[in-house]
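Please keep the sequence and the model at hand while reading.

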Amino acid sequence: MNTGPEATLDRIAVYPVKSLDPEYVERADIVENGGLAGDREFAIFDADGAYVNGKRERSIHRIRSAVSLDDWTVRLSAPGHEDYHGPLDAADAWLSDYFGYDVELRRDPAGGFPDDTTASGPTVISTATLTEVASWFDGIDAAEMRRRLRPNLELDAPTPFWEDNLFDTRETRVAFSVGPVSFEGVNPCQRCVVPTRNPDTGDATPGFRERFVRKRRETLPAWSGGDWFDHDFRLMVNTTVSASSWGETLTVGDAAVVGDVVSD
């Protein structure tokens, strides 16, 4: 494996409400499941107890949110609806009115509602990757690609797809560190329908998945590949965090260093 030179942590994003907008922070603590404090701490559920998220509810893309992590108040806005500003845990009525059916916010402060419950650490990508992938599509820049892909940790790395150094085979993981935090890279993230949509409107981008798959295959680095790429709609890295690092703090500017391949 090509471990390459060090990278630097350039951006930390937490998503206080699963599927809504991120909040960018200078530092974030690691909580007991290995996730980031405040990340997906709330999620929206329907009356049957199913997630209301971008995978099943296209209209969620049109909601803009801004959460204060200090006091858990939120500003919510959407076309055709009065804005809401108040406690996040009291926003059920606004959200139910917006979706047109009853929903409720649930909270889990001890790890939140991660997308991957097996690899529940922060997701990792590089700015160079966002820039490269955005260049595959007319009218999409790195900022929009960031919103489509929704990473937690963004590295200032020297080359696109540098984060592909952080996984190996299905039987192994890659140890790496970011500042004081010890990670294991598990797999390249399998993408759902969300990145194929405009993050403001929810409208599908014609041919997005097909072009992504073709370009991903063409640009796959020599150090990547293997049996994870049974299909090529994969980007970003899922991770776990060693229990010894729970309670540690990640800070923008921390160095990221790739370690050894370890058995799963």
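Which residues do ring pairs link into a cluster? The cluster is made up of Trp-136, Phe-137, Phe-161, Phe-208, Phe-212 and Phe-233, joined by ring pairs. The model examined here is a predicted one, and every value below was computed from it.

## Aromatic pairs

Across the structure there are 14 aromatic pairs.

The side chain of Asp-232 makes a polar contact, at 3.0 Å, with the side chain of Arg-217.

## Salt bridges

Side chains of opposite charge can pair when their charged atoms come close. A search of the whole structure finds 20 salt bridges, and the table lists three of them.

| Salt bridge | N to O distance |
|---|---|
| Glu-154 and Arg-11 | 3.4 Å |
| Arg-64 and Asp-21 | 2.9 Å |
| Arg-148 and Glu-144 | 2.9 Å |

The salt bridge between Glu-154 and Arg-11 has its closest N and O atoms 3.4 Å apart. Because Glu-154 lies in strand S10 (residues 153–156) and Arg-11 in strand S1 (residues 7–14), this pair ties together parts that are 143 residues apart in sequence. Glu-154 is buried, with a relative accessible area of 2%, whereas Arg-11 is partly exposed, with a relative accessible area of 28%. Arg-11 also lies over the face of Tyr-24, at 5.4 Å from the ring centre.

Arg-64 and Asp-21 are likewise joined by a salt bridge, at 2.9 Å from N to O. Here too distant parts of the chain are linked, with Arg-64 in strand S5 (residues 64–68) and Asp-21 in the loop between S1 and strand S2 (23–25), 43 residues apart. Arg-64 is partly exposed, with a relative accessible area of 26%, while Asp-21, at 13% relative accessibility, counts as buried.

Where do Arg-148 and Glu-144 lie? Both belong to helix H3 (residues 142–149), and they are 4 residues apart, which is about one turn of the helix. Arg-148 is buried, with a relative accessible area of 2%, and Glu-144 also counts as buried, at 17% relative accessibility.

## A network of charges

Salt bridges can also be followed through a group of residues: Lys-18, Asp-39, Arg-40 and Asp-115 are linked in a network of them. One member of this network, Lys-18, also lies over the face of Tyr-51, at 5.1 Å from the ring centre.

How values were computed. Residues are numbered from 1 along each chain as its sequence is written. This is a predicted model: local features need pLDDT of at least 70, side-chain atom pairs count only at pLDDT 80 or more; totals for chains, interfaces and linings use all residues. Side-chain values use heavy atoms; hydrogens and water are left out. A salt bridge is a side-chain nitrogen of Lys or Arg within 4 Å of a carboxyl oxygen of Asp or Glu. Helices (H or I, at least four residues) and strands (E, at least two) are DSSP runs, numbered from the N terminus. Buried means under 20% relative accessible area, exposed over 50%, partly exposed in between (1.4 Å probe, protein chains only). A polar contact is a pair of N or O atoms within 3.5 Å; within protein, one must be able to donate a hydrogen and the other to accept it, and residues adjacent in sequence count only if both atoms are side-chain atoms. Rings of Phe, Tyr and Trp (its six-membered ring) pair if their centres lie within 6.5 Å; planes under 30 degrees apart count as stacked, over 60 as edge-to-face and the rest as tilted. A charge sits over a ring if NZ of Lys or CZ of Arg is within 6 Å of the ring centre and within 35 degrees of the ring normal.
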